[in-house]
Amino acid sequence: MTIETLGSREVYRNRWMTVREDAIRRPDGSTGIYGVVCKVDFALVIPYEHGTFHLVEQYRYPVQAQSLEFPQGAWETQADASPEAVAAGELQEETGLVAGRMTYLGRLFEAPGYSNQGMHVFLAEALTRGPQKLEQEEAGLVCTQVTVREFEALVREGRIKDASTLAAYALLRVHRPL
């Protein structure tokens with residue numbers, strides 16, 4: 001079952017995304033429109049050592065709240081950068097950590113109902129510490145370390161609400177026990 005694209009037009013663009021509106025024909029022959037948010041893929045890193053995760057907490061403007069999550073980000077100006085390079089760069093930028101070992105866990109889609117953006121998930125281990133290299137948009141970002149048990153309690157308490165973090169954690173758990 002596929003949907004045919006009849007036409008497409010860009011309706012918005014900025015440094016981080018493009019929004020397009022597609023005229024479509026559904027399999028039943030009816031027509032309509034589909035709005036698509038186009039963004040480069042991002043990397044999410046699960047920094048893990050000695051039974052603990054390193055998390056970051058930062059203010060997320062769209063939801064007007066602090067968000068506790070795994071380090072993650074994209075390099076919009078370097079769309080051809082490898083997912084591994086983005087993951088290593090984001091980990092060091094946000095936490096100051098450098099991974100001695102990075103394991104690729106898989107690629108998920110952020111919100112396939114309206115966006116083409118994918119997420120590459122990595123497990124970072126054998127960590128060494130260095131300085132953070134925060135970007136202007138990350139001002140106020142704070143790092144914290146929690147045990148696996150504390151992480152799961154934060155999820156149950158509704159303190160971790162970031163869908164990417166939760167999906168990455170589920171992916172990690174199917175790949176290996178903690």
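Student: Among contacts in the protein between residues at least 6 apart in sequence, what percentage join residues at least 24 apart?

Tutor: Bear in mind that this is a predicted model. Among contacts between residues at least 6 apart in sequence, 57% join residues at least 24 apart.

Student: What makes up the secondary structure of the protein, and which pattern does it follow along the sequence?

Tutor: The secondary structure comes to 3 helices and 10 strands, and read along the sequence the pattern is β-β-β-β-β-β-β-α-β-β-β-α-α.

Student: Why does Tyr59 count as partly exposed?

Tutor: Buried would require under 20% relative accessible area and exposed would require over 50%; Tyr59 has 42% relative accessibility, and therefore it counts as partly exposed. Tyr59 lies in strand S5, residues 52-60, and, leaving aside its neighbours within four places in sequence, Tyr59 is in contact with Gln64, Ala65 and Gln66. The C-alpha atoms of Tyr59 and Gly140 are separated by 7.6 Å, although these residues are 81 apart along the chain.

Student: How do you know that the span of helix H3 agrees with what it should be?

Tutor: Helix H3 covers residues 163-175, and at 1.5 Å a residue its 13 residues should span 18 Å; the end C-alpha atoms of H3 are 18 Å apart, so the two values agree.

Student: Which residues of H3 are buried, and what puts them on the same side?

Tutor: In H3 the buried residues are Ser164, Thr165, Ala168, Tyr169, Leu171 and Leu172. They cover an arc of only 160° around the axis, and this puts them on the same side of H3. The face of H3 turned away from that buried side carries Ala163 and Val174, which are exposed.

Student: Which residues of helix H2 are buried, and why are they said to be on the same side?

Tutor: In helix H2, residues 148-156, the buried residues are Val148, Phe151 and Leu154. Because they cover an arc of only 120° around the axis, they are on the same side of H2. On the other side of H2, Arg149 and Arg156 are exposed.

Student: What do the buried residues of H2 pack against, and what follows H2?

Tutor: The buried residues of H2 pack against strands S4 (42-49), S5, S6 (65-69) and S10 (142-147), and also against H3. H2 is followed by Gly158, whose phi is positive, near 80°.

Terms used. Residues are numbered from 1 along each chain as its sequence is written. This is a predicted model: local features need pLDDT of at least 70, side-chain atom pairs count only at pLDDT 80 or more; totals for chains, interfaces and linings use all residues. Side-chain values use heavy atoms; hydrogens and water are left out. Helices (H or I, at least four residues) and strands (E, at least two) are DSSP runs, numbered from the N terminus. The expected span of a helix is 1.5 Å times one less than its number of residues. Buried means under 20% relative accessible area, exposed over 50%, partly exposed in between (1.4 Å probe, protein chains only). The arc is that of the directions from the helix axis to the C-beta atoms. Contact means heavy atoms within 4.5 Å.
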